[in-house]
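Me: Please take a close look at one part of this model, the surroundings of the ligand. What holds contact with it, and what makes up the shell?

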Amino acid sequence: MKKTVLSGMRATGKLHLGNYFGAAINYVKMQEEDLNCFYFIADWHSLTTQHDSALLRKSVKEVLVNYLACGLDPEKSSIYVQSDVKEISELYLYLNMFAHKGELEKTASFKEKSRTKGQTINAGLLTYPVLMAADILIHRANLVPVGKDQEQHLEMTRTFANRFNHVYKTDFLPEPQAYNFGNELVKIMSLDGVGKMSKSDENERNAIFLDDEPEDIRKKIKKAKTGNTPETPNEEKSPAVEGLFSLMKLVSKEETYSFFNQEFNACSIRYGDFKGQLAEDIVKYFEPIREKIKQYSADDKYLLKVSQDGAEKARINAQASLKGMREIIGINYFK
Ligand code: TYM
C-alpha cells in the first residue's frame, strides 16, 4: 500500500527560507514519488497566538500562494485549509484523552511561551501538540516532512498514537516519522546567528521571505552578522557565519561554496564579497518562485478552487479514519 505523507505550516505570515529548505522543498519532492500526499494550512494553530481576523485571512492566502509557487501541484497533492476538515477537531478531542498534562507542560514550545505569558497562557497552546497529532493521525500518515524544530512534536504524536493503540488493543494508528530527503532534519539559522530563522516580528530583518524583492535580499544579507575575519587557519566558524555558509551550500554552485570555504580556512575571506555572492545566488534561486507568487496572488478564483478540491479529498480520507476510530472507541450506539 502507498505510504501517506502529511505536513503543514501555520498561517502566521509569509514563508521564509527556513520554511522552504526545512520543509516545502521536501513537500514538492515527495509529491513526485509514489506517495499519497496531504499538505495543509494550519489556521487553527495560528489562533493559539493571534486573534486578528484580517491578518488570519491574509496569512492563509499567503501560505496557499507560497505553497503553489514552490511547486505544490493540486493534481498530485491534496492541498487544504485545516478548518475546512472538521474531522480533525473530533480527533483532537479523542487524542486529548491520551495526552498527559505533565508531558504537555514540558514541551519546549510551551515552556518558551509560558515564560512570557505566565498564568494567562491559553489551553490551546498547552494542547498544541495534540492538535498537531490530530492533523497527522487523521490521515494515518507515515511520513511527515518537517524541519528540526518539529522533532519533539512528532515524538509526542507517536506517544499519543501508541497509547491509543495500547488502550484499545489495536494497531489502527501508525507511528509517523519526521522526514527529510537529506536524512538529517534541517535548521536554517536566523541572519543574526541567534536561533532559527522565524516569522516572528522581532526577527523580521533576520529572515528572508520567499517574496522578498532582490534589493531587500541584498540589504538583509549585507547586514547579516559575520564578526571578525578569521585569524587562525581552519578555525571554527561562528554560528552566524556557519549559518550563511549553510545557506550558500543550498543556493550556490558547489565550486562557489568551496571557494569561499577555502578562503575562510586560509583566513583570506572578504566578507563583503562572500555576502555579495550569497545575496546574488539567493536572488537568482528564488526568482521563479517570486514570479509565481505574484501570479497566484492575483488569482483568488483559482485559490478558492484549489482549497475546495483539496478539502474534499482530505475529508474523504479523514472520514474513513474517523469511522474506524469511532468503532474502536465504541461510538456506534443503537445500531
Ligand atoms: P511552522 O509554521 O512554524 O513551520 C512550517 C515548517 O517549516 C519548518 N521550519 C524550519 N525548518 C528549518 N529551519 C527553520 N528556521 C525553520 N522554521 C520553520 C518547520 O519545521 C515546519 O516543518 N507546528 C507546525 C505546523 C503544523 C504541522 C502539523 C506540521 C501543524 N500541524 C502537522 C506537520 C504536521 C509549525 O508551527 O510549523
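Reply: Start with R10. One of its backbone N or O atoms lies 2.9 Å from an oxygen atom of the ligand. This is a predicted model, where local features need pLDDT of at least 70, side-chain atom pairs count only at pLDDT 80 or more, and totals for chains, interfaces and linings use all residues. Residues are numbered from 1 along each chain as its sequence is written, and side-chain values use heavy atoms, with hydrogens and water left out.

G18 also uses its backbone: an N or O atom there sits 3.1 Å from a nitrogen atom of the ligand. K199 uses its side chain instead. An N or O atom of that side chain is 3.4 Å from a ligand oxygen atom. Each is a polar contact (a pair of N or O atoms within 3.5 Å). How much of the ligand does the protein bury? Taken alone, the ligand exposes 710 Å², and the protein buries 98% of that (Shrake-Rupley areas, 1.4 Å probe).

Now widen the view to the shell.

What kinds of residue form the shell?

N234 is found between helix 10 (214–223) and helix 11 (239–251). Its phi is positive, about 60°, although N234 is not a glycine. N234 counts as exposed because its relative accessibility is 57%. C267 is found in the loop between helix 12 (254–265) and helix 13 (271–285). Its phi is near 60°, again a positive value in a residue other than glycine. C267 has 23% relative accessibility, so it counts as partly exposed. The cut-offs are under 20% for buried, over 50% for exposed and in between for partly exposed (1.4 Å probe, protein chains only).

How values were computed: A polar contact is a pair of N or O atoms within 3.5 Å; within protein, one must be able to donate a hydrogen and the other to accept it, and residues adjacent in sequence count only if both atoms are side-chain atoms. Helices (H or I, at least four residues) and strands (E, at least two) are DSSP runs, numbered from the N terminus.
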